[in-house]
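This report looks at how parts of a structure are arranged and which residues they bring together. Please view the sequence and the model alongside the text.

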Amino acid sequence: MNVIALSPWDLSLAAALVVALAALTARIGMGLSRSLLISGARTVIQLLLIGLVLKTLFENAQLYWVAGLALIMLSVAGYEVMSRQGRRFSGWWGYGIGTSAMFVSAFAVTVLALTTMIGPSPWWEPQYAIPLLGMLLGNTMTGIALGLDRLTQTAWQQRRVIEARLMMGHGWGESIGQIRRDAARSGLMPIINAMAAAGIVSLPGMMTGQILAGTPPMEAVKYQILIMFLITAGTGFGTLGAVWLGSKRLFDDRQRLRLDRLKPGRGK
Amino acid sequence: MDNLPASQTVLEVRGLRAAHVGPVDFRLLAGEICRLSGESGAGKTLLLRALADLDPNEGEVILDGIERARIAPTDWRRQVAYLPAEPLWWEERVGLHFRQDGDDSRLKALGFEPEVRNWEVERLSSGERQRLALVRLLENRPRVLLLDEPTANLDPANSRKVERMVREYVSDHGACALWVSHDPIQRQRLGGRSLVMEAGRMREETP
């Protein structure tokens, strides 16, 4: 495989485009330029770091290094989920609900895919395991963050309706059922849209990357289909799990609605 | 109907505490309507919510001799039924909130035609919502009615209809009611014992 290597000059040109965009948003007072520049800088630093880490990891492929990196990725993703909540659960639950759901779904799907579908040897070979887990975690994270945010916001707005049903003797699950369904739907919408648009509206990133790197298009397509399905399953199961856990946490053992378990988050 | 002895205790409350309420002790007897009054902020609504087990609370609450902890929360709220001052609805049409096999006698007694089941909830006035919510609540056949100003938005004629319905229900089923009312004339009509909340505590008013 032969890729045309990019020079620092090429990257600087692309960066200049983002800076130009930031200048424009500052000019028209949209208040986005700061976040644009900061996240742009984060992209550069984080990707350079992960490039170094992956380089080292590929040279010393050991299961415990792979597992360690996977745990770091998970804990950062868990933090991201928590910080995107308008209202989040107080205490460890704020971090725990999203992280545990991501752990179960993203890790299970990754391990399943590595052992039964892709089958590198050893099965945790970092060149396959880390990018796969990364794609799964990234998408699951978005689904769970959207789902939980929708759940807690709507429960907060509709607390009196939920309680009206409790007063009539409905169980907690019935009382929050509609809200839970809507929350799960909003978590799953992005990936459903992505599947529907794949190939026609957008060429998915991984496939593009593989084609640029010289992989035959049909091989890249097969990988992309596999990844799409894995991401859908991971996001779906993760979001359903997180929304269910979250909705359960909104009620106590006497099925009272306990919105005091939420506290204002930083929102986004 | 259930013929229970008139002096039987339906609800017994000992040392009930919730946020800003308590300790509160009282009992309600079968067939009894008790008036509850007190300035706003005295904790009347919080007391009713605690009795319906909607807010965290502690203390002993006993229904027909059975301790609350031994009754599932959903059953508890069906039997110790709370009617808030502004009842809410969750479906689009009125009828979906009622039992499909229920009869229309209570609807008619409160001045509604059976077609009210097809009405959109959005178009109900606050008084209609209050009256319909009482019918909705009675379909669960509760043992205790916790009524938070149930006639606040009603004209005198409709208020009397509601009073008659609650009184009939309570005496027919050997149930009991705790009725929050600020209207002195209505309080006179209701009669019975009068409980007063003051800064989260309860006392019985002697005539």
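The domain bounds used below come from an automatic or database domain assignment, and the model to which they are applied is a predicted one.

## Domains of chain A

In chain A, residues 1-60 are assigned to domain 1 and residues 63-264 to domain 2. Between the C-alpha centres of domain 1 of chain A and domain 2 of chain A there is a separation of 26 Å.

Where these two domains of chain A meet, domain 1 contributes 8 residues in contact and domain 2 contributes 9. On the side of domain 1 of chain A that touches domain 2, 6 residues are nonpolar and 2 are polar, while no charged residue is found there.

## Contact between chains A and B

The contact between the chains involves 14 residues of chain A and 16 residues of chain B. The side of chain A that touches chain B comprises 5 nonpolar, 4 polar and 5 charged residues.

## Helix pair α4 and α5 of chain A

Helix α4 of chain A covers residues 93-118 and helix α5 of chain A covers residues 126-157, and their axes, which come within 9 Å of one another, cross at roughly 145 degrees. The crossing of α4(A) and α5(A) is right-handed.

Among the residues that α4(A) brings to this contact are A:Ile97, A:Gly98, A:Ala101 and A:Val109, whereas those from α5(A) include A:Tyr128, A:Leu132, A:Thr140 and A:Leu148. Taken by class, the contact of α4(A) with α5(A) has 17 nonpolar and 4 polar residues, with no charged residues.

Conventions: Residues numbered from 1 in each chain as written. Chains lettered and ligands numbered in written order. Predicted model: local features only at pLDDT ≥ 70, side-chain atom pairs only at ≥ 80, totals over all residues. Contact = placed C-beta atoms within 7 Å. Nonpolar A, V, L, I, M, F, W, Y, C, P; charged D, E, K, R; others polar. Axes fitted to C-alpha atoms, helices over the stretch in contact; angles between N-to-C directions. Helix = DSSP H or I, 4+ residues; strand = E, 2+ residues; numbered from the N terminus. Left-handed = near helix turned anticlockwise from the far one by under 90°.
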